[in-house]
Structure formats: structure tokens, C-alpha cells
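Please open the structure in your viewer and keep the selection tool at hand. The tour moves from one selection to the next and says what is found at each stop.

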Amino acid sequence: MSEQTPDQSGPSTPEQIAVRREKLTRLRETGEAYPNTWRPDSVSADLHARYESLDAEALVAEAVAVRVAGRIMGHRVMGKSSFMNIQDGEGRIQLFINRDAVGGAEVYNPTKKWDLGDIVGAEGVLFRTKTGELSVKVSHIEPVSKCLRPLPEKWHGLSDKEMRYRQRYVDLMVTPESRDVFRTRSKTISLLRRGLEDKAFMEVETPMLQAQPGGAAARPFVTHHNALDMELSLRIAPELYLKRLVVGGFDRVFEINRNFRNEGLDATHNPEFTMVEFYQAYADFNDAMDTTESLIRGVAEGLDVSSVEWDGVELDLTQPFERIRLDESVFEKRPDLRGHANDKALLATVCLQEIENFKPLITWKAGHYLTALFEELVEGELKQPTFVTHYPVDVSPLARRNNEESTVTDRFELFIAGKEIANGFSELNDPDDQRDRFTAQAQAKAAGDLEATGIDEDYLRALEYGMAPTAGVGIGVDRLVMMLTGQHSIRDVLLFPHMRPE
């Protein structure tokens, strides 16, 4: 008996490729090397689910005929017979190939030289081997697509993370855990969509290319449209367009799509990322927190996840999310600041004491310094799901002022394991207040703040038509998937993360 496993030693990769190309040449000589004629009628996961309970005798009685296809992941040759493990999009199933059953040596012998990674199609009936494994007793088998590059060492996954990110197609072939993560991602997005639709929200699409980017504090990617001879930016957020739709009369809207921000890459940031944003008329930030918590808990229940370990924290997603004020959380760390939330000079001095290499912008106000202290002293310690509320007006240009305290807004951010997952607020619908805030943003941009936005005159015009009191939320889908799957880097939940050139 001989067993063929992924290349672990022997010739260098160029030599291995040369051997495989020689096999391809011989394959071309005998017919079509890359045919498009094989049509499977079964996938491995369905076969295991439907027939796993049947014993050997029952399978013989059923005589279940199947046509399967997949990539060769293991091949044991034992003279006139061989066992081949193939992998399709749902899992793996074993093929039993006997020389006489497939048409003699002329058909059988070439299969012994097929390589790991080759894609094949097989027809036969289900049976159980002596060890009890559900398998296909093959009556016909043929090559479907030749693999010219050897698979990575063994089949337990890639240990080189950079290769996993750069060559995700190989990672998905050989790392079952990666495939599971991206199936969970797909289901998470479906559950978010279903959850919002169940709450009567309508899904919409808004522009990716915008003349005036807005809706977030971020540096945009800029491009030029030749036909219109104008500068456009990839959107940093869909917010201002979604709120235009609320003005137009769509009281509940949402969008799941990409945002683009010209920023650095780290464990929780990628230049393009997925957000779900939703807006509800006749609601405030308390309603928005309730909806956000309900959505996340609904996704967790849909995935059958009640608790998960993320970055060393055991998260309980069944308990109510805590709610705390930003300023109070800072005062707990620095009691001497209580009563001085608007003392810019004092807050700036404390920031210099508490924050290493602190570099404020010249345009910063008291609220910027208070928020910086929150990020330094509190944010990382918020392990269980926590809503932080009442952000300063200075750092919330689109949020409605609180009725009782004019220096703070009805805004929240949701933190889990010290990471921001969502941001939401009662929307600012006073066009005059919004113009003042846009003007302050434009001044900050002129002073060198690359993340500040300008004045969006069309959005102000929309507000002048009147927008109903509204609450809106943006949830970072990538970070949510990171949490639900226990991944430590955003690159582990993005199929094709951005990387430096090789």
C-alpha cells in the first residue's frame, strides 16, 4: 500500500510544478484537459447528513446512486484498489476505486498518478467500508481540472499567516477553520438583514462615489471622474444619504455595504470594511441601543452562540448590555476631574500626564480632550458588552444635543472586549445647528485635520425640508464577526484583506 500526501519533501517547488505540467501535457494529448461537462448531483455534507444513520446493509438495500466532484485531498493506492478523499464546497467524502469496477487497467492506472489538488468527478453508489466510513463505490471517474501547484505541507491548514491572507484560495482549500469563519460571516450578514427586515426596515443602496464625503471622521480615498471633470471620493459612510431618504419619507431604512477610509492597517482596521447602518424615524438613541442589542443577540442566537471567548475574555451575550456615561467613566478613573468636563486647559494637562506621546490638534476643544482620556483610561477595560453614552458635542458633529446638557449629545458607542462595535445617536435634524457644526468641521480641515469633513450644502438643503426626529446606528460587521468567531485580527474575517505588495 502507498499513501500520497501533500508534498512535504523532495524536489523543490519549481521541479514539482514541472512534473505536474508534464502530466498536463500528456492529458492534453489524450483529450480536453479542462472539460466543462461534469455535473455533480450531490454534495458531501448532504450525503453525510442524509445517510449517516444507515448501516452497511441498509445502504446496500437503498442502492443510492450519486455523482460527486471535488479536489483530491488524500489518496491511498493499494494495488488494484485505492481510496481517494475529495473535498467539495461543503466538506469531504471518500471514494473507493477498484480497477475492475471502473473499466480495467486502462482507466484505473492513470488515476494512481493523479496529484493532490486535482479536481475529479466520480459516479457510483454509497456504501460503508469495513471501518464504517460512508464512501462512494466508484463505477466511473474522470479528471475535471488539473492542479499545477502542490498543496501546502499536510492538510491541517497554513501556518504562514501572510500566505493565508495573500493566497486565501489556498487557505480555504486546506484550512477547515477558515471555511467555517467565512460561512459564519455569510450567515451573520443574512441574520442582520433578516433581523432588520423583521423590524420593518427597508434595504436600500446609496452612492459609493460621493462629491462630498461625510458621515464620519475619516480621511477619504480621492479619485477623478474624467467625463464630469470632477473630484470624487469613495464614501467613508452612507449616513448622509440614508438620512436624505428619511427626509424623503422612508421612515426605516438600512444598508449593508462597504466603506472606505484612507487609514492605517492593524488588528481592527482595514482600508475597506463592511458596515450595516440603519435609521429609524420617531426614535431616539435609547431606542437605537435597544435595537442594536436586539440585533446582536438575534445574530448570536441564530448562530447558536450564547458565549464566546474573544481576546482572552469570556463574553456572555445573554445578559443585558450595560450602559454608562462617558464623562462619569472618566471621573471614576480621575475623580479630580469631576465638575471640570468643560475645562479645556485642565483636561489638556491631564492628557499630557496620562497619554504617552500625546499630540492634540490645534483645533481641539474640551470635548476632544475628555474623549481622549476615555480612550486611554476606560475603553480597553470595557470587556462585557457596554454602551457608552453622552459623547461631547465637540466630537459628535452629526448627533443631537442632549436636552438637559448642551455640551453633550444623545450618542452612544458599543464596546465589547475593549473594541468599538457600533456607533449611534439621535440624529441632529436642526439645519442651523448642523450648519454650525459643518462649519467647525471645515475650519478644522483647513487647519490640518485630515479626518474632518467639509460643508455638504445639499444635505443641509434636505434638512431644511424637515427631517422627522430620527435615530441611526452603524455596526461594524467585520468586528462583529471577529467577536462571534473569536478571531484576533480583522484579516482573519476578510476574504481578501489589504496587504503590502509582495
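## A tour of charged pairs

Begin by selecting K23, D115, D118 and K146, which are linked in a network of salt bridges. The model on the screen is a predicted one. Side chains of opposite charge can pair when their charged atoms come close. In total, the structure holds 35 salt bridges, and this tour visits some of them.

**First stop: K146 and D115.** How far apart are the closest N and O atoms of K146 and D115? The distance is 2.5 Å, and the two residues form a salt bridge. This pair links distant parts of the chain, 31 residues apart. K146 is found in the loop between β6 (134–145) and α5 (161–166), whereas D115 is found in the loop between α4 (105–111) and β5 (119–128). Are K146 and D115 buried or exposed? K146 is buried, and D115 is buried as well.

**Second stop: D410 and R400.** Now select D410 and R400, whose side chains meet in a salt bridge with an N to O distance of 4.0 Å. Both D410 and R400 belong to the loop between β16 (386–389) and β17 (411–416), and they are 10 residues apart. R400, at 31% relative accessibility, counts as partly exposed.

Next, select R401 and D433. The side chains of R401 and D433 also meet in a salt bridge, here at 3.2 Å from N to O. R401 sits in the loop between β16 and β17, while D433 sits in helix α13 (residues 431–446). The pair thus links distant parts of the chain, 32 residues apart.

**Last stop: K161 and R491.** Finally, select K161, which lies in helix α5. K161 is partly exposed, with a relative accessible area of 41%. K161 and R491 are 330 residues apart in sequence, yet their C-alpha atoms are 9.6 Å apart in space.

Conventions: Residues numbered from 1 in each chain as written. Predicted model: local features only at pLDDT ≥ 70, side-chain atom pairs only at ≥ 80, totals over all residues. Heavy atoms only, no water. Helix = DSSP H or I, 4+ residues; strand = E, 2+ residues; numbered from the N terminus. Buried < 20%, exposed > 50% of the residue type's maximum accessible area, 1.4 Å probe, protein only.
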